[in-house]
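This report describes charged and aromatic side-chain contacts in one protein model. The sequence and structure are shown first, and the contacts follow.

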Amino acid sequence: MVKGISHLAVNAKDMEKSLDFYTRALGFKKAFEIEHQQTGKPWIVYLHAGGRQFVELFYTDEPNKPLDPWGDKLWGFNHICMEVDDIHAIAAHIESCGYEVFIKPQQGSDGNWQCWTMDPNGVRVELMQLGQDGLQMKVILEACGKE
């Protein structure tokens with residue numbers, strides 16, 4: 001089942017100001033960046049918030065175009081991610097409760113397993129099983145001095 005909140009995702013209107021706020025003002029550490037697989041452009045900056053928690057900042061360079069495939073607002077809250085032990089078990093459980101898993105379990109660009117559902121209010125919920133070689137796990141282990 002769910003182990004905890006893995007990350008909060010924010011669509012960054014201004015990446016530099018967002019990085020300044022989360023790093024300088026709040027003290028989070030820049031962990032890594034991910035490029036978009038199809039375009040090769042900067043896509044996401046991960047900030048380590050401590051322990052096993054992160055903040056994702058999504059780049060955008062098209063101010064008049066929605067950032068994501070669901071057509072949500074361009075800026076602000078994007079989704080919440082919860083860490084799980086078994087991605088396939090949680091997906092099956094969600095479906096057995098009568099809710100849709102609209103992105104079935106798959107491996108993401110960061111090396112972790114993920115699936116996606118939506119709460120009754122329209123909030124996108126990502127479920128993530130951290131991989132031993134995933135980018136987040138590397139940061140977690142380094143922060144714990146185990147690398």
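## Salt bridges and aromatic pairs

Glu33 is partly exposed, with a relative accessible area of 37%; here buried means under 20% relative accessible area, exposed over 50% and partly exposed in between, computed with a 1.4 Å probe on protein chains only. The model is predicted, so local features need pLDDT of at least 70 and side-chain atom pairs count only at pLDDT 80 or more, while totals for chains, interfaces and linings use all residues. Residues are numbered from 1 along each chain as its sequence is written, and side-chain values use heavy atoms, with hydrogens and water left out.

Glu33 forms a salt bridge with Lys30, a residue that is partly exposed at 47% relative accessibility. A salt bridge is a side-chain nitrogen of Lys or Arg within 4 Å of a carboxyl oxygen of Asp or Glu. By this rule, the structure holds six salt bridges. Three of them are listed below with the separation of their N and O atoms.

| Salt bridge | N to O distance |
|---|---|
| Asp20 and Arg24 | 2.6 Å |
| Lys30 and Glu33 | 2.7 Å |
| Arg52 and Glu83 | 2.5 Å |

The side chains of Arg52 and Glu83 meet in one of these bridges. This pair links distant parts of the chain, 31 residues apart: Arg52 lies in the loop between β3 (42-50) and β4 (53-58), and Glu83 in strand β5 (residues 76-84). Helices (H or I, at least four residues) and strands (E, at least two) are DSSP runs, numbered from the N terminus. Arg52 is partly exposed at 32% relative accessibility, whereas Glu83 is buried at 5%. Both residues also belong to a network of salt bridges that includes Lys3 and Asp85.

Asp20 and Arg24 are four residues apart in helix α1 (residues 15-25), and are therefore separated by about one helical turn. Asp20 is partly exposed at 33% relative accessibility, while Arg24 is exposed at 65%.

Aromatic contacts are counted between rings of Phe, Tyr and Trp (its six-membered ring) whose centres lie within 6.5 Å; planes under 30 degrees apart count as stacked, over 60 as edge-to-face and the rest as tilted. The count comes to five aromatic pairs. Among them, Tyr22 and Phe28 are stacked, at 6.1 Å centre to centre and 25 degrees between the planes. Tyr22 is buried, at 15% relative accessibility. Phe32 and Tyr46 also form a stacked pair, at 4.6 Å and 20 degrees. Phe32 lies in strand β2 (residues 29-35) and Tyr46 in strand β3, so this pair ties together parts that are 14 residues apart in sequence. Both Phe32 and Tyr46 are buried. Elsewhere, ring pairs link Phe21, Tyr22 and Phe28 into a cluster.
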